[in-house]
Amino acid sequence: MNKVIQMLIVLTSIGILSGGLLATVSGWADPLILLNQKAATEAAIFRVQPEGKNYEQVNITGLEVYKVFNGNNEEAGYALVYDGNGFSGKIKLIAGLSKDLKNIISIEILDQIETPGLGTKITEQPFTSQFVKLETNPKIEWIKGAEPTKPNEIQTITGATISSKAVVAILNDGISRLKKLRESGELK
Amino acid sequence: MKKQLTLQKEFLKGVWDNNPVLKQLLGLCPVLAVTVSAINGLAMGLAATFVLFMASLLISSIRKTIPPQVRIASFIVIIATFVTIVDLVMKAKFPDLSKALGPFIPLIVVNCIILGRQEAFASKNNTGRALLDALGMGLGFTIALIILGGIREIIGSRTFFGLQILPNQFEPWLIMILPAGAFFTLGLLLGLVNIYTDRKKRLEHESLIAHYKRVGREELIEELEVK
Amino acid sequence: MELFIIFISAAIVNNFVLAYFLGICPFVGVSNKLSSATSMGMATTFVMVITAIVSWLLYNLILVPYNLTFLQIPSFILVIASLVQFVEMVIKKVSQPLYRALGIFLPLITTNCAILGLALFGSMREYSFLENVIFGLGAGAGFTLALVIMAGIREELDLADVPKPFQGAPITLIVAGILALAFMGFAGMI
C-alpha cells in the first residue's frame with residue numbers, strides 16, 4: 001500500500017508543479033503572442049492596402065475584416081483576413097478590397113503549408129500579382145493552362161492547380177460573405 | 001564496478017562516438033523535417049538541447065524519489081512541461097522561427113533522444129554527469145541538424161544561414177527541399193559516417209596487429225581476429 | 001466526399017511518413033520484415049484511431065472551454081501513453097502470439113511521433129469529431145502502407161549486394177527517398 005501511495009504522491013506533485021509552471025509561463029506568453037499576431041496583421045493590412053494609413057476593425061462576429069482609411073481619413077476600402085482548406089492544410093490570406101467590394105486591391109498569403117516549390121508558389125508573384133485590380137463580380141474564376149480572358153479570371157499555377165483553386169475558393173467565400181453582410185446593412 | 005568515463009569523455013561522447021543521430025539513429029523525425037535550412041536546424045537543436053538539459057537536471061536531482069513503475073510517466077510529464085515552455089516562449093519571442101519549425105517543437109516531446117537519455121542515464125547518474133551527458137548529446141544532435149540543414153540549404157537554395165554562397169548560375173536542386181531530398185541526404189550522410197568509422201576501425205585493427213608483431217606477442221592477434 | 005478526401009490525403013497524398021516525416025523511428029526499425037511491419041502498422045492504426053477520438057474529446061470538451069490549451073502537449077502525450085499501455089494489456093489477453101510478435105515495438109508506439117503528430121494536426125486544423133476519426137484512420141493506413149512497402153523492398157534488398165557501410169539504415173533511407181518521390185506523383189489526385 002505504501003508503494004502505491006508513494007507513486008500517487010510523486011505523480012500528483014509532478015502534475016501540480018507542471019501545471020502551475022505552465023500556467024505561469026502561459027500567462028506571461030499569451031499577451032505577447034497576441035501582440036505578435038496583431039503586429040503581423042497590421043503590417044499585412046498596409047501591404048494589401050498601400051494607400052492605407054489607418055484602420056479599425058469592423059465589429060462582425062466570425063469574420064475578421066478591417067476598414068482602412070487613407071491619408072485624408074477617407075475610406076480606402078477593406079482588408080479581409082480569411083482562411084480555408086488548401087492542398088496540404090489551411091491557407092490563410094488577407095485581401096485588400098475596394099470600398100464597393102467590386103475589386104481586389106491586392107492579396108497576400110499569410111499562412112500555408114503547401115508543397116515546397118509547387119504549392120508554395122501561391123505566395124509569390126506572378127501568381128499574387130494576378131489578383132491586383134481583379135474584379136470580383138459575379139465571382140473570381142480560374143482557368144488552367146491558358147491566359148485569362150475575363151477581368152475576373154486568373155490562371156492557375158502549373159503543378160499547383162489545387163493550391164491555386166483553393167486560394168480562389170477562399171477569396172470567393174470570404175468576399176461573398178462580406179457582400180451579403182453589406183446588403184443586409186450590417187457592414188457599413 | 002562500472003568503469004566511469006572522465007568528465008570530458010562524458011560530454012564528448014554525445015558529440016561523435018555516440019552521436020544520437022549519426023550513431024544511435026535516434027530522433028530522426030525532426031532531423032528530416034526541419035533541416036530545410038541550417039538556421040532551422042540550429043533552432044531545433046537549441047530548443048531540444050534546452051529541454052534535454054532541463055529534463056536531465058530535474059530528473060537526475062529527484063531520481064531517488066521516483067518509484068520505478070511510474071518513471072516513464074514522470075519523465076514524459078516533465079519533458080512535456082519543458083517542451084510546452086519552449087513552445088510558448090518561441091511563439092511569444094520568435095514568432096517567425098516558431099512558424100517555420102511548425103509542429104515539430106511540440107514533437108520534441110516524443111524525440112527518442114530525450115526520453116532515451118533520461119531512461120539510460122539521467123535517472124541513474126548524479127546531476128553533474130547527467131548535465132554533461134545532456135549537453136554532449138544536445139550538441140551532437142545540433143551539429144547533425146546543422147550539417148544536414150546546411151547541405152540541403154546550400155544545394156537547395158544556394159544559401160547557408162541565409163547568406164548566398166553559390167552563384168546565381170547554379171540552378172538549385174529543388175529536390176533538396178522536398179522530403180525525398182531529406183531522406184537521400186541523411187541516408188548518404190549515414191553511409192559516409194559508416195565508411196569513415198569502418199575505415200578507422202580497420203586502421204586501428206591493422207596498427208594493433210603490427211604492434212603485436214613487433215613486440216612478439218602474435219598469440220594476441222588471434223584474439224583480435226575473433227572480435 | 002470531404003471525408004474521403006481527408007482519408008486519401010492522409011493515407012497517400014500527404015503520407016505521414018513520406019511527406020511529413022512522422023513515425024520514422026519505427027519505419028526504419030521495424031520495416032525489415034513484412035510480418036512485423038504489418039503487425040506494427042495495424043497496432044499503430046488502432047492506437048491512432050482511438051487517439052483521434054480521445055484527443056478530440058479532451059481538446060474540445062475540456063481544454064478549450066476551460067482555457068487550458070497550454071496543457072495540450074502534456075495531456076495529449078499522457079493520453080497516448082495510457083492508451084498504448086491499455087492496448088498492450090488487451091493484446092496480451094486476447095492474442096498471446098500477436099503479443100510476442102510485436103514484442104518491444106508496442107511500448108515504442110508511445111514515442112511514435114506520428115501519433116502525437118496526428119493529435120496535434122487534428123486540433124490545429126480544427127477538424128470535427130468525424131473528420132478527426134477519418135484523419136486518424138487515413139494516417140494509420142498511410143503509415144501501414146509505407147511500412148509494408150518498405151518491408152517488401154527490404155526483404156528483397158537482403159538478397160542484394162548492398163555495400164557494407166550502407167547496409168541497414170542508410171540504404172533504407174535512400175529507398176525511402178525514392179518512395180517519397182514516387183508518392184509525390186499522387187499530388188494531383190485530389
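Predicted model: local features only at pLDDT ≥ 70, side-chain atom pairs only at ≥ 80, totals over all residues.
1. Confidence. The mean pLDDT of chain B is 84, and 96% of the residues in this chain reach 70 or more. Among the elements of chain B, the highest mean pLDDT, 90, belongs to helix H3 (residues 38-61), while the lowest, 69, belongs to helix H9 (residues 219-226).

2. Domains. Chain B is divided into two parts, with domain 1 covering 8-170 and domain 2 covering 178-227. Taken over C-alpha atoms, the centres of domain 1 and domain 2 of chain B are separated by 28 Å.

3. Contact between the domains. Domain 1 of chain B and domain 2 of chain B each bring eight residues to their contact. On the side of domain 1 that touches domain 2, helix H2 (28-34) and helix H7 (127-157) of chain B each supply at least two residues, and the largest share, four residues, comes from H7(B). By class, this side of domain 1 has five nonpolar residues, two polar residues and one charged residue.

4. Contact with chain C. Here 31 residues of chain B meet 32 residues of chain C. On the side of chain B that touches chain C, at least two residues are supplied by each of H2, helix H4 (71-93), helix H6 (112-122) and helix H8 (179-214) of chain B, and H8(B) gives the most, with eleven residues.

5. The residues of chain B that touch chain C divide by class into 25 nonpolar, five polar and one charged.

Terms used:
Residues numbered from 1 in each chain as written. Chains lettered and ligands numbered in written order. pLDDT = per-residue confidence, 0-100. Domains from an automatic or database assignment. Contact = placed C-beta atoms within 7 Å. Nonpolar A, V, L, I, M, F, W, Y, C, P; charged D, E, K, R; others polar.
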